[in-house]
Amino acid sequence: MKKAYFEITIYELQSLAKWSSDYARRALPIYEKFDPADDRPRNAVDAAANFALGGGRTNALRKIAMEAFRASSSSSAPIAAFAARSASFAAASAFTHPFADTNQARHILGAAVCSAMAFELAAGCDPNVGQIQIASAAEAAPDAVLSLLAKMPSQTDGRTRLDELYVLLDLALRRRHLGLVSEL
């Protein structure tokens, strides 16, 4: 199947990186509680925020995102792994590809969703906590993120709680893009 490509601007990527880094930063204390000496997730969040302010979209940024992903993979605590994965998504958001694909849509949603999952797990698997985080992320998303997500296919129902959070955020952002009130 041929991919549907579209134009993506540096402004959209910077807006995405700003929003993503804001939500990933919230989850950093969760990661640092489990591994205070590992600064890879914090470096990723800082690098994403720097890109959002006009910093370069460089190979170094890509490597920093990958290091945060490695931190998530090596963590023995799922709570910390989701917090680090959020940081990885934030830094990697600068490299979102301009083609309509559900996996690329997850790059847009990933930092906020993984942050919400980390908070939910930290609250003893309380789904209300995750939903509150998702509602906050949906409300705070800038118009550039809404427009970018609208170019992507919607998330479909999944089997895991993480999939549910992806669907919830995707739906809330699309409703905002259409000017509808979210029901979260």
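Modeller: The structure holds 0 disulfides, a disulfide being a pair of cysteine sulfur atoms within 2.5 Å. Please note that this is a predicted model, in which local features need pLDDT of at least 70, side-chain atom pairs count only at pLDDT 80 or more, and totals for chains, interfaces and linings use all residues. Residues are numbered from 1 along each chain as its sequence is written, and side-chain values use heavy atoms, with hydrogens and water left out.

Biologist: Is Cys114 buried or exposed? And what about Cys125?

Modeller: Cys114 is buried, at a relative accessible area of 1%. Cys125 is partly exposed, at 49%. Buried means under 20% relative accessible area, exposed means over 50%, and partly exposed is in between, with a 1.4 Å probe and protein chains only.

Biologist: Where is Cys125 found?

Modeller: Cys125 sits in the loop between H5 and helix H6 (127-140). Helices (H or I, at least four residues) and strands (E, at least two) are DSSP runs, numbered from the N terminus. Cys125 also has a positive phi of about 65°, although it is not a glycine. Most residues other than glycine have a negative phi.

Biologist: Let us turn to the pocket. How much space lies in the largest pocket?

Modeller: The largest pocket has about 270 Å³ of space. On a 1 Å grid over the protein atoms alone, a pocket is an open set of points where a 1.4 Å probe fits, with protein on both sides within 12 Å along at least five of seven lines; lining residues have an atom within 4 Å of a point. Grid points are joined across faces, edges and corners, and the volume is the space filled by probe spheres set on the points.

Biologist: Which residues line it?

Modeller: Among the lining residues of the largest pocket are Arg62, Phe69, Arg85, Ser88 and His107. Helix H3 (59-74), H4 and helix H5 (102-122) each give two or more residues to this lining.

Biologist: Where is Ser88, and what does Ser88 touch?

Modeller: Ser88 is in helix H4 (residues 78-92) and counts as buried, at 8% relative accessibility. Leaving aside neighbours within four places in sequence, Ser88 is in contact (heavy atoms within 4.5 Å) with Ala65, Ala68 and Phe69.

Biologist: And Arg85?

Modeller: Arg85 also lies in helix H4, but Arg85 is partly exposed, with a relative accessible area of 28%. With neighbours within four places in sequence left aside, the contacts of Arg85 are Phe69, Ser72, Ser73 and Cys114. Arg85 is 44 residues from Pro41 in sequence and 8.0 Å from Pro41 in space, C-alpha to C-alpha.

Biologist: Which residues of H2 are buried?

Modeller: Pro41 is one of the buried residues of H2, and others include Val45 and Phe51. The buried residues of H2 pack against H1, H3 and H4. After H2 comes Gly54, whose phi is positive, near 115°.

Biologist: Finally, what does Ser20 touch?

Modeller: Ser20, in helix H1 (residues 10-34), touches Ala90, Ser93, Ile108 and Ala111, not counting residues up to four places away in sequence. Ser20 counts as buried, at 1% relative accessibility.
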